[in-house]
Amino acid sequence: FWTLAFSILGKCATLGCQIGLAWFLTPEHFGLASLALSVTALTSITCGGNLRNILIQRGERFEAEAGQVFWLSLALSTGAGVLLAVTAPWAALLFGEPRVAPLLCLLAIAAPFQSLPTIYSAALGRALRFRDTAAIHFVGAVAQGFLAVFFAWRGFGVYSLILPVLAVAWIMAAAYRLSAGGIRIGSPRPGRW
């Protein structure tokens, strides 16, 4: 119920934000953002966000493994961010569009932050706190949409579509951490990964 309710509310808010973006941005802006986001789709395969499901499946060992899953997720996502930054000039060359490179570098900065909620999201899923999870996703989607419209209104052009990704990564990390509470992380032990 909560997932459906927040999904419907989120879609309504997103529709309003898309109308606002269409008012302030040009098709060229959307095209540049699409090129950058298509490259990030390739690097998202290596990100650690998918470790959430493994942690939920190993519910009886959650406390023992959560810390190392956090570090592994952060390492994988940081690696994906570095890969994205390194390939940015090549992608710009491939697309014949030099303006794609700085967009990819901004998205590369967001990658490690996007991995921070992994164990906290798993903790909420394990505790069947679907309302909290749905609310956090709703807040993230609305924040991303409204920030994009605000930046577009202020004349940020294509960056209006990219900067909110970074801001929402921080918002989601903080929201999941506050909602799930403290989880012992400990120090990284790559041998256990």
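View 1. Of the 15 residues that line the second largest pocket, Gln-18, Leu-21, Gln-144, Ala-148 and Leu-161 are nearest its centre. A pocket is an open set of points on a 1 Å grid over the protein atoms alone, where a 1.4 Å probe fits, with protein on both sides within 12 Å along at least five of seven lines; a lining residue has an atom within 4 Å of a point. The model is predicted: local features need pLDDT of at least 70, side-chain atom pairs count only at pLDDT 80 or more, and totals for chains, interfaces and linings use all residues. Residues are numbered from 1 along each chain as its sequence is written, and side-chain values use heavy atoms, with hydrogens and water left out. The second largest pocket holds about 290 Å³ of space. Volume is the space filled by probe spheres set on the grid points, which are joined across faces, edges and corners. At least two lining residues come from each of helix 1 (2–24), helix 2, helix 7 and helix 8. Helices are DSSP runs (H or I, at least four residues), numbered from the N terminus. The lining has ten nonpolar residues, five polar and no charged. Here Ala, Val, Leu, Ile, Met, Phe, Trp, Tyr, Cys and Pro count as nonpolar, Asp, Glu, Lys and Arg as charged, and the others, Gly among them, as polar.

**View 2. The largest pocket.** The largest pocket holds about 750 Å³. Its lining numbers 30 residues; nearest the centre are Ala-111, Gln-114, Ser-115, Ala-169 and Met-172. Two or more lining residues come from each of helix 2 (27–43), helix 4 (62–95), helix 5 (100–115), helix 6 (118–126), helix 7 (130–153) and helix 8 (159–180). Helix 5 gives the largest share, six residues. By type, the lining splits into 15 nonpolar, 14 polar and one charged.

**View 3. Ser-115 in helix 5.** Ser-115 sits in helix 5. Ser-115 is buried because its relative accessible area is 2%. Buried means under 20%, exposed over 50%, and partly exposed in between (1.4 Å probe, protein chains only). Leaving out residues up to four places away in sequence, Ser-115 touches Ser-73, Leu-74 and Ser-77. Contact here means heavy atoms within 4.5 Å.

**View 4. The nonpolar cores.** The largest nonpolar core has 26 residues, and Leu-21, Ala-36, Leu-84, Leu-103, Leu-104 and Leu-107 have the most contacts inside it. Such a core is a set of buried Ala, Val, Leu, Ile, Met, Phe, Trp, Tyr and Cys residues joined through side-chain atoms within 4.5 Å. Helices 1, 2, 4, 5, 7 and 8 each supply at least two of its residues. Helix 5 has the largest share, seven residues. Beyond four places in sequence, Leu-104 touches Ala-36, Val-39, Thr-40, Leu-84, Ala-88 and Ala-91. A second, separate core has 19 residues, including Leu-72, Ile-119, Ala-143 and Ile-183.

**View 5. Glu-97 in a loop.** Glu-97 lies in the loop between helix 4 and helix 5. Glu-97 counts as buried, at 16% relative accessibility. Not counting residues up to four places away in sequence, Glu-97 touches Leu-32 and Ala-92.

**View 6. The cysteines.** The whole structure has zero disulfides. Cys-12 is in none; the nearest cysteine sulfur, that of Cys-17, is 11 Å away. A disulfide is a pair of cysteine sulfur atoms within 2.5 Å. Cys-12 is exposed, at 53% relative accessibility. Cys-105 is partly exposed, at 35%.
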